[in-house]
Amino acid sequence: MPALPLIIDTDTGSDDAVALLLAAASGLGDIRAVTTVAGNVPVETGTRNALIFLETAGRTGIPVHPGCARPMTRTLSGAQHVHGEDGMGDIGLPDPVTACQDTHAVEVLLSLPRARPGELTLVTLAPLTNIAAALLRDPELFTSYRHVYCMAGAADLRGNISPTAEFNVWADPEAARIVARAATPEKVTWIGWDVSRKDAVMTDADQRRLEQLGTPMATFAHRINRTVADWARDVTGLAGYDLPDPVAMAVALKPDLVTEQEQAHVDISVTDDTRGQMIIDRRVSAPSPNITLVRRVDETGFKKLLFDTVAAPVPAGPPRADSAPSAR
C-alpha cells in the first residue's frame, strides 16, 4: 500500500517525537508538513524539537511551520513538569541545523488540503488551537481532508491533568469545542488518553527492550521519555509511561489496530470546574453523532509497530541522540 500522505500538528514533547518517528520511519506515512503549536512547551521550543526529530529520523526535507503561541482565550499552561523544560527529557539535545518555514501553520492547514482535496490525512497531537483557528476561517475545512485523527480527550472521564480531562483538550477547551462542533464521525476520529492508559503503556520490560535495541531511533525514543517515566510513576500510577500520541498515530497509519470504537455526540466543557471534560451524549434522544471515538486498540500490534520502526536503521542523515550527554 502507498504511504499515507500526512499533515501532523504537534506541540512536540517526548511522546509527540515518538509519534513522528512512527510516521516518518515506519514506511506507512508520507509527511507533507509538520505544524507546531503551543502546548507541552512554548511553540518556539516545540518547533525546535520537531526539527531535531526530523534530523534524528533523517527527514530534513519535511517543512516545519510554527503556529499559534497561546490558546484561543486563555493563558498558556504547559506540561514541562512532565516532558522536561525542553520537552524532550532535558537530555541536552543539540540545536537543529535546519530551520523552520515562514508560512504560519494555520495557512498550511488551510492551503494544502485545498490543493489536494480528499488526499491528505491530518493527525493532531496537541491542543487544537491551530485547527480551531483554521476552522474559524473555513468551517467546511474537514471536508477537504481524507480524515482527521486527534489525540484528544478521555472518553471514560478519567483525566491526566484534572480529575476528568486530558491535557490537549484541557489546555485549550474553547478550541476543542470548535473542533468537536465542526466534526462529523465519518471524517473525525478521536483517540483519547483512556486508550493510551489501557493499551499503550511501556512497562519496565518494554523500556528495557527499547534501551537494548541500541539503534539511533530506539535510543532517542528511550532517552527523551525519562522525565515522563518519573511523572507516570508519581502521578498517574501506571505500570510504566504511556504513549498517547504514538498510539493515536498508529491508529491513523493502521486503522485495523482498532478493536473497539463508537460514534457519539461530543461536546467540551469550558467551565472552570470541569474544564476540558468531554460531554458525551449516548442517549437515544441525543443529537446525531459528530465524532468517532476509539476506545481500545490491539496493544500487541501497536507495540510491534513501535519496536519494528525504531529497530530499523535511520533512513538518511546523522543520528542526534548519541551526540547528547549520556542519560542518568
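1. A residue is called buried under 20% relative accessible area, exposed over 50%, and partly exposed in between (1.4 Å probe, protein chains only). By that cut-off, 60% of the 328 residues of the protein chain count as buried.

2. This is a predicted model, in which local features need pLDDT of at least 70, side-chain atom pairs count only at pLDDT 80 or more, and totals for chains, interfaces and linings use all residues. Residues are numbered from 1 along each chain as its sequence is written, and side-chain values use heavy atoms, with hydrogens and water left out.

3. The protein chain has 13 helices and 11 strands, taken as DSSP runs numbered from the N terminus (helices H or I, at least four residues; strands E, at least two). Its radius of gyration is 18 Å, close to the 20 Å that the globule rule gives for 328 residues, so the chain is as compact as a globular protein of that length. The radius is taken over C-alpha atoms, and the rule is 2.2 Å times the number of residues to the power 0.38.

4. Of the contacts (heavy atoms within 4.5 Å) in the protein chain with a separation of 6 or more, 85% are between residues 24 or more positions apart.

5. Gln277 lies in the loop between strand S9 (258-268) and strand S10 (278-281). Gln277 is buried, at a relative accessible area of 17%. Leaving aside residues up to four places away in sequence, Gln277 touches Leu157, Thr164, Ala165, Asp267, Ile268 and Ser269.
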